[in-house]
There are 2 protein chains.
Amino acid sequence: MRTIIIVEEMNKIKKTKQREAILEILKNTKSHPTADEVYQKVRQKIPRISKGTVYRNLKLLTENKEVMKIDTGGTEGRYDARVENHYHFRCESCGKVFDVDVPVDTELDKKVSQKTGFNITHHVLEFRGFCSDCQKKAIISPSGDKNKEEV
Amino acid sequence: MRTIIIVEEMNKIKKTKQREAILEILKNTKSHPTADEVYQKVRQKIPRISKGTVYRNLKLLTENKEVMKIDTGGTEGRYDARVENHYHFRCESCGKVFDVDVPVDTELDKKVSQKTGFNITHHVLEFRGFCSDCQKKAIISPSGDKNKEEV
DNA sequence: AAGTAAATAGTAATGAGAACTATTATTATA
DNA sequence: TATAATAATAGTTCTCATTACTATTTACTT
């Protein structure tokens, strides 16, 4: 019988201006930009930065818990420099994501853990509906109908 | 000035064995299969069905509220024939999604609506952690580290 | 200052899902 | 029941977010 020892090699992370600029952008925005939005913004400072670098660093920063990835809903990931658990609202018309500041119910996790036997680390909660802007300009129904005619 | 009238044409949906088979599969499974998993299963009954048909019908069934799409987390959508709002648990190791039967807190929507001014229609809540199976076989940490060595 | 290893830019590959099109199947109607 | 109208299908191509790959550059170590 072989003994298996798991060794975690710490990979020495080097400081780069690209990663610092990306983190800075996330820290200075209240919106929750997509990777592409971060890319567009960081290009103003570092014009030759590549999209791969943005993705790689967003992933790295997420792994290091310096930022948080919002993978709830939609196809595009969104990134948030606010790393403590909190809730969001997503507009089903324009897709924008906003913070919702109500206390996180950690008791719920314990309750459901006991009931189900799952080892629950946290929960993600996203409110859905229509933001103020989209409520105003809601002339065309947001239900995704395509059978519209102009007469 | 032109008058614009928006006309919604009701598209008459035709019954097909493909769509019925897809709905049947979703009704007879407690798991929450991805489009591809549905495709694999329906192929046992209709071998020449195309993946596009599966996607199109899943979308159609979702629009008609006959099934529900779980777009929370991950890249792949999952489908559920249980259409009334309920909560889920997602295992961060194997990716499986399970139902969580605790009452849905609709009061929360009203409370947050009033506080924020968003028109909130519902919320999605997903517990995250590790399922029973993955807790047992958790020898290798699920944190996504790749720097492991066997000695 | 030189050596090393990690990070980068740029490009190609992947994979979920949507779009397109000629053909087939379903429903309405004569 | 046969026929006409049109929705749905199979099969293929396309899109778009994200990842992988690779030669070159940059940051840290000694």
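This is a predicted model: local features need pLDDT of at least 70, side-chain atom pairs count only at pLDDT 80 or more; totals for chains, interfaces and linings use all residues.
**Chain A overall**

- Chain A has 5 helices and 5 strands.
- Reading from the N terminus, the order of those elements is α-α-α-β-β-β-β-α-β-α.
- Chain A has 151 residues, and 36% of them are buried.
- Take the chain A contacts between residues at least 6 apart in sequence: 47% of them join residues at least 24 apart.

**H1 and H3 in chain B**

- Helix H1 of chain B covers residues 17-27 and packs on helix H3 of chain B, residues 51-63, with the axes 10 Å apart and an angle of about 70°.
- Angles of 65 to 115 degrees count as roughly perpendicular, so H1(B) is roughly perpendicular to H3(B).
- The crossing of H1(B) past H3(B) is right-handed.
- On the H1(B) side, the contact is made by Gln18(B), Arg19(B), Ile22(B), Leu23(B) and Leu26(B).
- H3(B) brings Thr53(B), Val54(B), Asn57(B), Leu58(B), Leu60(B) and Leu61(B) to that contact.
- Sorted by type, the residues in the contact of H1(B) with H3(B) come out as 7 nonpolar, 3 polar and 1 charged.

**H1 and H2 in chain B**

- H1(B) also crosses helix H2 of chain B, residues 35-42, at roughly 110°, and the two axes come within 10 Å.
- That angle makes H1(B) roughly perpendicular to H2(B).
- H1(B) passes H2(B) in a right-handed crossing, too.
- From H1(B), Ala21(B), Ile22(B), Ile25(B) and Leu26(B) do the touching, and they meet Val38(B), Lys41(B) and Val42(B) of H2(B).
- The residues in the contact of H1(B) with H2(B) split into 6 nonpolar, no polar and 1 charged.

**What H1 of chain B buries**

- The buried residues in H1(B) are Arg19(B), Ala21(B), Ile22(B), Leu23(B), Ile25(B) and Leu26(B).
- These buried residues pack against H2, H3 and strand E2 (78-80) of chain B.
- Ile22(B) and Leu26(B) turn up in the H1(B) contact with H3(B) and again in the contact with H2(B), and Ile22(B) and Leu26(B) are both buried.
- Arg19(B), part of the H3(B) contact, is buried as well.

Definitions and conventions. Residues are numbered from 1 along each chain as its sequence is written. Chains are lettered from A and ligands numbered from 1 in the order in which they are written. Side-chain values use heavy atoms; hydrogens and water are left out. Helices (H or I, at least four residues) and strands (E, at least two) are DSSP runs, numbered from the N terminus. Buried means under 20% relative accessible area, exposed over 50%, partly exposed in between (1.4 Å probe, protein chains only). Contact means heavy atoms within 4.5 Å. Axes are lines fitted to C-alpha atoms, for helices over the stretch in contact, and angles run from 0 to 180 degrees between N-to-C directions. Angles under 35 degrees count as roughly parallel, over 145 as roughly antiparallel, 65 to 115 as roughly perpendicular and the rest as oblique. A crossing is left-handed if the near helix is turned anticlockwise from the far one by less than a right angle, and right-handed if clockwise. Ala, Val, Leu, Ile, Met, Phe, Trp, Tyr, Cys and Pro count as nonpolar, Asp, Glu, Lys and Arg as charged, and the others, Gly among them, as polar.
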